[in-house]
Amino acid sequence: MTSKRIDPLVRRAESREDALAKELAKRVQAHHQHEKRLDDLERFRGEYEAPPTPGAAVSPSQLLNRAAFLAKIGDAVVTQQKHIASSEESLAIERTRLLLASRDKLVLEKLAASYRDAEKRVQERRDQSVLDDLGALNHHKRQQEDSP
């Protein structure tokens, strides 16, 4: 196999690595959004859990509504925590895919470099052989010219 034949494989590996890097970036951004939503929900829950101002009249229905609303916020927090856990698993998978793609690309690049080096050595040997043949031919011509 020649380096020219492996170059398309290297380009394909580079494209795959780029695509996986972009996908990982999207997943990281989505993960940050999930974390921000969780922070917002927890902050909102903390603000809403604060007791009403002292001396304020609160009816039993308002207390029930408040408790129901806090339960909904609590459910939303749990749901968001599940999204974050799922997002972390997805990130780990994408990181592994990117790592494997990078490794594959590196292997192909090293293989292509090895082929290029081998081709260069072969070409250098051919060039040296041509030079040796020319030198021998010149030497032979000189010997013939020097002989009467």
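Q: Leaving aside its neighbours within four places in sequence, which residues is H34 in contact with?
A: This is a predicted model, so keep that in mind throughout. In it, H34 touches Q80, H83, I84 and S87, once neighbours within four places in sequence are set aside. H34 itself is found in helix α1.

Q: What makes the pairing of H34 with Q80 a polar contact?
A: The side chains of H34 and Q80 come to 3.1 Å, and the cut-off for a pair of N or O atoms is 3.5 Å, with one able to donate a hydrogen and the other to accept it. The pair therefore counts as a polar contact.

Q: How do you know how α1 and α2 run relative to each other?
A: Look at the angle: helix α1 (residues 3-49) and helix α2 (residues 60-146) pack at about 165°. Angles over 145 degrees count as roughly antiparallel, so that is what α1 and α2 are to each other. Their axes are 7 Å apart, and the crossing is left-handed. As for what meets there, the contact of α1 with α2 has 25 nonpolar, 10 polar and 20 charged residues.

Q: What about L106: why is it classed the way it is?
A: L106 has its place in helix α2 too. At 42% relative accessibility, L106 falls between the 20% and 50% marks, so it counts as partly exposed.

Q: What separates the C-alpha atoms of D40 and V77?
A: For D40 and V77, 37 residues apart along the chain, the separation is 9.5 Å. D40 lies in helix α1.

Q: Which label does S15 get, and why?
A: S15, which lies in helix α1, has a relative accessible area of 47%. Exposed would take over 50%, so S15 is called partly exposed. Its C-alpha atom and that of V58, 43 residues apart along the chain, are separated by 63 Å.

Q: What makes H140 and Q144 a polar contact?
A: Their side chains come to 2.9 Å, and the limit is within 3.5 Å. The pair therefore passes as a polar contact. H140 is found in helix α2, and its relative accessible area of 41% sits between 20% and 50%, so H140 is partly exposed.

Notes: Residues are numbered from 1 along each chain as its sequence is written. This is a predicted model: local features need pLDDT of at least 70, side-chain atom pairs count only at pLDDT 80 or more; totals for chains, interfaces and linings use all residues. Side-chain values use heavy atoms; hydrogens and water are left out. Axes are lines fitted to C-alpha atoms, for helices over the stretch in contact, and angles run from 0 to 180 degrees between N-to-C directions. Helices (H or I, at least four residues) and strands (E, at least two) are DSSP runs, numbered from the N terminus. Angles under 35 degrees count as roughly parallel, over 145 as roughly antiparallel, 65 to 115 as roughly perpendicular and the rest as oblique. A crossing is left-handed if the near helix is turned anticlockwise from the far one by less than a right angle, and right-handed if clockwise. Ala, Val, Leu, Ile, Met, Phe, Trp, Tyr, Cys and Pro count as nonpolar, Asp, Glu, Lys and Arg as charged, and the others, Gly among them, as polar. Contact means heavy atoms within 4.5 Å. Buried means under 20% relative accessible area, exposed over 50%, partly exposed in between (1.4 Å probe, protein chains only).
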